[in-house]
Amino acid sequence: MKIHKILVPVDGSAASFAAFQWACELAQTFGAQLHMVYMVHVRWENSGIGRMPISGSTEESDARKEGLRVIKEFSGHAPSDIQPIQLIAVGPPAEGIVHLAHSIGVDLIIMGNRGLGMVKGLAFGSVSSYVLKHANCPVLVTKEKIQKENPVC
């Protein structure tokens, strides 16, 4: 099996940074192209004149700026032989990740699991659960390292 393209969604969280580190390592191992995406979620509502964004253009602009900041910060931690392709996409995160992965033909999605917990996960679902279920390629869900204050040896 050969991995040519890897997609790693990032949101600035520790879990997405851990996924980014995994993605860099696997991109090096396989000589794969690494694509990073920051999803800007603009919510829409139906109005008398059609669908209108709930959030204003200022909110979207701020979200795009935050996305650029996160992508640049994460990219600064990439090994020198990895040049991530940096993407900002607008849309619902879960559906957007699946659509993007399909449209650019990635072989693997690597993403963090924020660990919402069972109750919140059942009530709200999760991006990683949706991507696992709907992606047309393998999905690796990572967890940020949990460090115990008093580890038992």
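A residue counts as partly exposed when its relative accessible area falls between the buried range, under 20%, and the exposed range, over 50%. The views below come from a predicted model.

**View 1. Arg69 and its two partners in helix H2.** Arg69 has a relative accessibility of 42%, so the residue is partly exposed. Its side chain meets that of Glu66 in a salt bridge, 2.7 Å from N to O. A salt bridge of 2.8 Å also links Arg69 to Glu73. Through these shared partners, Glu66, Arg69 and Glu73 form one network. Glu66 is 3 residues from Arg69 in the helix, and Glu73 is 4 residues from Arg69. Glu66 is partly exposed at 29%, as is Glu73 at 42%.

**View 2. The salt bridge between Arg64 and Glu60.** The closest N and O atoms of this pair are 3.3 Å apart. Both residues belong to helix H2 (residues 57-75), about one turn from each other. Arg64 is partly exposed, with a relative accessible area of 33%, and Glu60 is partly exposed at 23%. The whole structure contains 3 salt bridges.

**View 3. Strand E1 and its neighbours E2 and E6.** In E1 (residues 5-9), 4 of the 5 residues are buried. E1 runs parallel to E2 (residues 33-40), joined by 5 bridges, and Leu7 stands opposite His35. Between E1 and E2 the chain passes through helix H1 (residues 14-30) in a right-handed β-α-β crossover. E1 also pairs in the parallel sense with E6 (residues 108-112), over 2 bridges; there, Ile6 has Leu108 as its bridge partner.

**View 4. Gly105 in the loop between helix H3 and E6.** Gly105 is partly exposed, at 39% relative accessible area. The C-alpha atoms of Gly105 and Cys137 are 8.9 Å apart, with 32 residues separating the two in sequence.

Methods. Residues are numbered from 1 along each chain as its sequence is written. This is a predicted model: local features need pLDDT of at least 70, side-chain atom pairs count only at pLDDT 80 or more; totals for chains, interfaces and linings use all residues. Side-chain values use heavy atoms; hydrogens and water are left out. Buried means under 20% relative accessible area, exposed over 50%, partly exposed in between (1.4 Å probe, protein chains only). Two strands pair if DSSP finds at least two bridges between them. A crossover is right-handed if, with the strands pointing away from the viewer, the path from the first strand over the helix to the second runs clockwise. A salt bridge is a side-chain nitrogen of Lys or Arg within 4 Å of a carboxyl oxygen of Asp or Glu.
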